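The sequence and structure come first.

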Amino acid sequence: MREMFETESLRERVILIGICTAREDDTEASLDELSELVRTAGADTVGRIIQNREAMHPSTYIGKGKMDEVRQMASAAGATGVVCDDELSAVQMRELEQALQIKVMDRTLVILDIFASRAVTSEGKIQVELAQLKYRQARLTGLGQSLSRLGGGIGTRGPGEKKLEMDRRLIRERIAQLNRELKAVKMHREVTRNQRKRTGIPVAAIVGYTNAGKSTLLNALTDAGVLQEDKLFATLDPTTRVLKLSGKQEILLTDTVGFIRKLPHHLIDAFRSTLEEAKYADYILHVVDASNPQMDIQMHVVYETLRELGIRDKKIVTLFNKQDIRTDDSVLRDFRADRTICLSARTKEGLEALKETLEELLREEKIYIERVYDYREAGLLSLIRKKGELLEADYEEDGIHVRAYVPPEIYDKV
């Protein structure tokens, strides 16, 4: 019991701070998400403050009056730190810490901390450390003592922690080394992609807002065994599995890192090789949490992130997930998608409709043939089975009667 009490006492207690610069800003919803991020990182939210301003204060993020309010709230709630909903400059972080005399963090630091705790593969760890170092490099000037956070808690996890005391030169050298390692990883990814391409098996990338149910969907379709939790960024490292469809058709499904509003650019840069799985896929499966009131905003964030990654002209199937916990019956639409399906990955409702849709999409890329082959041409059937979809093969006196879908690249041969 004593050990349990000590573990609980280590949890940080934080106040969330947001800036609302325009009436259309949904700052409350953004702070709700920040609270979930903080919970995922292992801290408790004990208060929140929003300031209406034309722009964030260049040196203190919030104004002097709000600073006093935060100080009083922190004292009353026993807060150990504050988390700002935007990425802070080194000057803002230093000035806030001096004024409040408690730990100051920003949204980027919390997300980096979660990524550090989730990274399992060597590639994931390289990407996280690179993002952490770039974040810290930009804050070496003016951050001073606040950089040396050796007391534990958010911002002190992951492979980057042991590098906190490096000077700028050592950080630059380490970043260069990580970039070289990441380049080797990227080359390996390209080799893997080329191997997949040679097999002729199409690829569908599963994308979506974090916690939309991407891993649950992959597990439901392929028994992939990927970790699934009701937490943001529950899985970080991408997983690829084969989904077998009817008619001996196959498609590769690749899970990707979840998107989120204000996703730090350091992470987008570091995880670009992972996120580009979607760029080289044939299809995009866009998983949406249809039970979330912020669904439309989350969909917008996903499309903006895809655009930033240069992902265009892909056939998109939007999957309105979590139908089992949805409370309203409004019509769900996504005008940017080629197809939409309502499903629940948890209860497996709608998965057959998804498989049928994938089969239809695969067939759209193929040519339908009806032919009678001479028995001397029987070897062509193995090519059709391997590259296309053999619907029927009847062995009659005048030859083999075949109905099939074949890809354009083998049409002339068969």
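## Aromatic pairs

In this predicted model, a search of the whole structure returns 2 aromatic pairs. One of them joins Tyr 368 and Tyr 405: the ring centres are 5.3 Å apart and the planes meet at 55°, so the pair counts as tilted.

Tyr 368 belongs to strand 11 (residues 367-373) and Tyr 405 to strand 13 (residues 399-406), so the pair ties together parts that lie 37 residues apart in sequence. Tyr 368 has a relative accessibility of 35% and counts as partly exposed, because that class lies between the 20% limit for buried and the 50% limit for exposed.

## Largest pocket

The largest pocket holds about 830 Å³ of space. Its lining consists of 29 residues, and those closest to the pocket centre are Gly 200, Ile 201, Pro 202, Val 203 and Asp 282. Two or more lining residues come from each of helix 8 (168-199), helix 14 (379-387) and helix 15 (408-411). Helix 8 gives the largest share, with 6 residues.

By residue class, the lining of the largest pocket has 15 charged, 9 nonpolar and 5 polar residues.

## Chain overview

The chain contains 15 helices and 13 strands. Of its 414 residues, 51% are buried. The chain exposes about 20200 Å², with carbon and sulfur atoms supplying 48% of that area.

Among contacts in the chain with a separation of 6 or more, 68% are between residues 24 or more positions apart.

Terms used. Residues numbered from 1 in each chain as written. Predicted model: local features only at pLDDT ≥ 70, side-chain atom pairs only at ≥ 80, totals over all residues. Heavy atoms only, no water. Helix = DSSP H or I, 4+ residues; strand = E, 2+ residues; numbered from the N terminus. Buried < 20%, exposed > 50% of the residue type's maximum accessible area, 1.4 Å probe, protein only. Contact = heavy atoms within 4.5 Å. Areas by Shrake-Rupley, 256 points an atom, 1.4 Å probe, with all protein chains shown as cover. 1 Å grid on protein atoms, 1.4 Å probe; cavity = no way out; pocket = protein on both sides within 12 Å on 5 of 7 lines; lining within 4 Å. Points joined across faces, edges and corners; volume = space filled by probe spheres on them. Nonpolar A, V, L, I, M, F, W, Y, C, P; charged D, E, K, R; others polar. Phe/Tyr/Trp six-rings, centres within 6.5 Å; stacked < 30°, edge-to-face > 60°.
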